[in-house]
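Subject: Structure handover

Hello,

Here is the structure we talked about. Please open it alongside this note, which goes through what turned up.

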Amino acid sequence: MNEDETKALDFLLKLIKDARDKGLVCTLDPRNSEMPTGWDSDEGGMAFTWKNVVIVCHRNPRSMRESMHAAKPANGQEWKIKCAISCHYPKGQNPKAPGDSCTMPFLVVSQMINSKGQSFIKKFTPDGIRDGDVQDFILPDEEAFKVLMSELILDDDEMPVLIDGGISAASIMVTGEDKSRMALENKYGTGCLSVILLITGITTIFLTKCMI
């Protein structure tokens with residue numbers, strides 16, 4: 001690697017470790033490139049509060065990989081995100097980093113689908129990624145959202161409350177500002193992840209060196 005590539009990798013490793021120490025899923029981790037882009041959703045996306053959590057419900061969101069202009073699709077990639085939930089702490093309320101501005105999610109769960117009518121549940125946590133079994137059917141969004149929510153909500157003591165203003169209002173609760181789709185395209189299309197993913201051999205380096 002040249003000097004610039006080494007600096008980019010060091011930056012990435014520090015970012016991932018910092019996110020993990022705060023109990024968050026690093027959105028710039030190349031291993032998480034198939035998670036939904038933050039605050040992105042087709043019409044019909046929703047947002048809820050539940051206890052000390054902000055839940056964003058995405059419909060047909062782009063993946064992090066798809067949101068980058070320069071990134072190439074994974075070899076043999078055929079799975080898309082049909083719907084997903086991203087779970088965040090409100091700004092300054094992460095119990096592992098009180099007062100810190102932690103905008104990354106602590107849990108992401110997606111319904112992945114392909115053109116063959118198959119689906120599976122993909123779960124992202126600070127400790128890694130878990131894939132469910134592939135099913136030969138695709139749940140309607142409403143039913144899929146219930147399944148995704150069940151990964152977070154294990155009891156009925158307190159039910160989620162719909163946020164007026166939807167995903168836009170939720171983004172303000174978490175980041176302090178309204179994150180529009182255009183702003184995300186500009187940010188991630190030319191941002192650090194695009195550079196990192198284009199580093200020669202980054203995946204191999206990651207699997208062999210990034211054991212944190």
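Start with helix α3. Its buried residues are Gly166, Ile167, Ala169, Ala170, Ser171, Val174 and Thr175. Buried means under 20% relative accessible area, exposed means over 50%, and partly exposed lies in between, with a 1.4 Å probe and protein chains only. Helix α3 spans residues 166-175 and is mostly covered, with seven of its 10 residues buried. The buried residues of α3 pack against β1, β2 and β3. After α3 comes Gly176, with a positive phi near 90°.

Before going on, some ground rules. This is a predicted model, in which local features need pLDDT of at least 70, side-chain atom pairs count only at pLDDT 80 or more, and totals for chains, interfaces and linings use all residues. Residues are numbered from 1 along each chain as its sequence is written, and side-chain values use heavy atoms, with hydrogens and water left out.

**Overall layout**

The chain has six helices and seven strands. Helices (H or I, at least four residues) and strands (E, at least two) are DSSP runs, numbered from the N terminus. The order from the N terminus is α-β-β-β-β-β-β-α-β-α-α-α-α. Of the 212 residues in the chain, 48% are buried. Contact here means heavy atoms within 4.5 Å. Among contacts with a separation of 6 or more, 66% are between residues 24 or more positions apart. The chain has an accessible surface of about 11000 Å², and carbon and sulfur atoms hold 53% of that. Those areas come from the Shrake-Rupley method with a 1.4 Å probe; for residues, only the protein chains shown count as cover.

**The cores**

A nonpolar core is a set of buried Ala, Val, Leu, Ile, Met, Phe, Trp, Tyr and Cys residues joined through side-chain atoms within 4.5 Å. The largest one has 27 residues; Ile55, Ile85, Cys87, Phe106 and Leu152 touch the most other members. At least two residues of this core come from each of α1 (3-21), β1 (46-50), β2 (53-59), β3 (80-88), β4 (107-113) and α2 (141-150). The largest share is from α2, with four residues. A second, separate core has nine residues, including Ala47, Val54, Ile167 and Ala170.

What does Ile85 touch, leaving out residues up to four places away in sequence? The list is Ile55, Val56, Cys57, His58, Leu107, Val108, Val109, Phe145, Leu148 and Met149.

**Helix α2**

Asp141, Ala144, Phe145, Leu148 and Met149 are buried in α2. They sit on the same side of α2, because they cover an arc of only 140° around the axis. The arc is taken from the directions from the helix axis to the C-beta atoms. The cover over the buried residues of α2 includes β1, β2, β3, β4 and β5.

**Aromatic pairs**

Rings of Phe, Tyr and Trp (its six-membered ring) pair if their centres lie within 6.5 Å; planes under 30 degrees apart are stacked, over 60 edge-to-face, and the rest tilted. That rule gives two aromatic pairs. Trp79 and Phe120 are edge-to-face, at 4.7 Å centre to centre and 80° between the planes. Trp79 is in the loop between β2 and β3 and Phe120 is in strand β5 (residues 119-125), so that pair links distant parts of the chain, 41 residues apart. Trp79 and Phe120 are both buried. Tyr89 and Phe106 are stacked, at 4.5 Å centre to centre and 25° between the planes. Both Tyr89 and Phe106 lie in the loop between β3 and β4, so the pair ties together parts 17 residues apart in sequence. Relative accessible area is 16% for Tyr89 and 13% for Phe106.

**Two more residues to look at**

Asn114 lies in the loop between β4 and β5. Is Asn114 buried or exposed? Asn114 is buried, because its relative accessible area is 6%. Beyond four places in sequence, Asn114 is in contact with Glu78, Trp79 and Ile138.

Phe124 is in strand β5. Phe124 is buried, at 0% relative accessible area. Phe124 and Ser110 are 14 residues apart in sequence and 8.6 Å apart in space, C-alpha to C-alpha.

Best wishes
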